[in-house]
Amino acid sequence: MSFQAYLDNIKAKTGKSADDFRLMAAEKGLTKTPDIMAWLKSDFGLGHGHAMAIVHLIVHDEHRKAGPDEKAAALFAGNKAVWRKSYDEIAEKITTFGPDTATSAGQTYINLLRKGKKFAIVQPSSGDRLDVGIKLKGVAAEGRFEEAGNWNAMVTHRVRISDPEQIDAELFDWLKSAYSAA
């Protein structure tokens with residue numbers, strides 16, 4: 001279920017939009033996750049997942065208002081800044097896959113999209129590593145193309161990049177395959 005689907009279901013159930021909840025929480029002085037969760041569950045009968053969607057919007061409102069460039073910059077702040085050039089290379093290269101590619105920065109990673117559908121993610125994990133998650137169902141993991149496991153449920157495989165030289169033709173072949181499958 002997409003995040004927007006969560007919000008649509010919440011509105012259908014409660015008659016309240018995300019902005020309504022944001023305003024009500026501010027009026028009540030609710031700023032902490034446990035307090036907001038208890039309020040949403042008791043007053044509106046929301047389940048855990050739906051309540052967390054609203055909490056995310058309330059607690060992370062600044063991130064929601066940030067533009068794409070600001071969101072990406074936040075991901076590459078501090079010791080992760082060393083990976084910005086590598087990410088930019090990946091983002092530039094995927095545009096050659098087709099005119100329907102896009103990127104979308106979230107709080108912890110950047111989505112690589114084809115017609116709005118995620119085919120891969122890029123996550124600066126630390127100053128010493130950049131992780132690339134690839135969505136390729138039914139493809140065996142081998143070598144540095146490993147199973148994603150519990151690292152991120154949105155992708156099937158992960159490639160750990162510890163040197164910018166590892167952003168190579170092999171990586172782009174996997175990304176191109178995921179793009180084609182999306």
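What share of the 182 residues of the protein count as buried? The answer is 40%. The notes below concern a predicted model, and they move from the overall layout to particular residues.

1. **Overall layout.** The protein contains eight helices and six strands. Their order along the sequence is α-α-α-α-α-α-α-β-β-β-β-β-β-α. Taken along the principal axes, the box filled by the C-alpha atoms is roughly 55 × 35 × 30 Å. Among contacts in the protein with a separation of 6 or more, 49% are accounted for by residues 24 or more positions apart.

2. **The largest nonpolar core.** In soluble globular proteins, nonpolar side chains tend to be buried together. In this model the largest nonpolar core has 29 residues, and I90, I134, L171 and L175 have the most contacts inside it. Two or more residues each are given to this core by helix 6 (68-75), helix 7 (84-94), strand 2 (110-114), strand 3 (117-126), strand 4 (129-134), strand 6 (157-161) and helix 8 (169-181). Helix 8 provides the largest share of this core, with six residues.

3. Another core, of 18 residues, lies apart from the largest one. Among the residues of this other core are F21, A25, A51 and I54. An α-helix has 3.6 residues a turn, so residues three or four places apart point the same way. Just after helix 2, G29 adopts a positive phi of about 75 degrees.

4. **Helix 3 against helix 4.** Two packed helices are described by the angle between their axes and the distance between the axes. For helix 3 (residues 33-44) and helix 4 (residues 48-59), the axes come within 9 Å and cross at roughly 130 degrees. Helix 3 is therefore oblique to helix 4. The crossing of helix 3 with helix 4 is right-handed. Helix 3 contributes T33, I36, M37, L40 and K41 to the contact, while helix 4 contributes H48, A51, M52, I54, V55, I58 and V59. Sorted by class, the residues in the contact of helix 3 with helix 4 are nine nonpolar, two polar and one charged.

5. **Helix 7 against helix 8.** Here the axes come within 11 Å and cross at roughly 50 degrees. Helix 7 is therefore oblique to helix 8. The helix 7 and helix 8 crossing is right-handed. On the helix 7 side, E89, I90 and K93 take part, and they meet L171, F172 and L175 in helix 8. The contact of helix 7 with helix 8 is formed by four nonpolar, no polar and two charged residues.

6. **L171.** Which residues does L171 touch, not counting residues up to four places away in sequence? They are I90, V132, I134, R144, V159, I161 and Q166. L171 is also one of the residues with the most contacts inside the largest nonpolar core.

7. **I161.** This residue belongs to strand 6. Because its relative accessibility is 0%, I161 counts as buried. Leaving aside neighbours within four places in sequence, I161 is in contact with W83, D128, R129, L130, V132, R144, Q166, I167 and L171. I161 and K41 are 120 residues apart along the chain, and their C-alpha atoms are separated by 42 Å.

8. **R144.** The loop between strand 4 and strand 5 (146-147) holds R144. Is R144 buried, exposed or partly exposed? R144 is partly exposed, because its relative accessible area is 22%, and the cut-off for buried is under 20%. Beyond neighbours within four places in sequence, R144 is in contact with R158, V159, R160, I161, Q166, D168, E170, L171 and W174.

9. **K115.** Where is K115 found? K115 is in the loop between strand 2 and strand 3. Although K115 is not a glycine, it has a positive phi of about 50 degrees. With a relative accessible area of 68%, K115 is exposed.

Technical notes
Residues are numbered from 1 along each chain as its sequence is written. This is a predicted model: local features need pLDDT of at least 70, side-chain atom pairs count only at pLDDT 80 or more; totals for chains, interfaces and linings use all residues. Side-chain values use heavy atoms; hydrogens and water are left out. A nonpolar core is a set of buried Ala, Val, Leu, Ile, Met, Phe, Trp, Tyr and Cys residues joined through side-chain atoms within 4.5 Å. Buried means under 20% relative accessible area, exposed over 50%, partly exposed in between (1.4 Å probe, protein chains only). Helices (H or I, at least four residues) and strands (E, at least two) are DSSP runs, numbered from the N terminus. Contact means heavy atoms within 4.5 Å. Axes are lines fitted to C-alpha atoms, for helices over the stretch in contact, and angles run from 0 to 180 degrees between N-to-C directions. Angles under 35 degrees count as roughly parallel, over 145 as roughly antiparallel, 65 to 115 as roughly perpendicular and the rest as oblique. A crossing is left-handed if the near helix is turned anticlockwise from the far one by less than a right angle, and right-handed if clockwise. Ala, Val, Leu, Ile, Met, Phe, Trp, Tyr, Cys and Pro count as nonpolar, Asp, Glu, Lys and Arg as charged, and the others, Gly among them, as polar.
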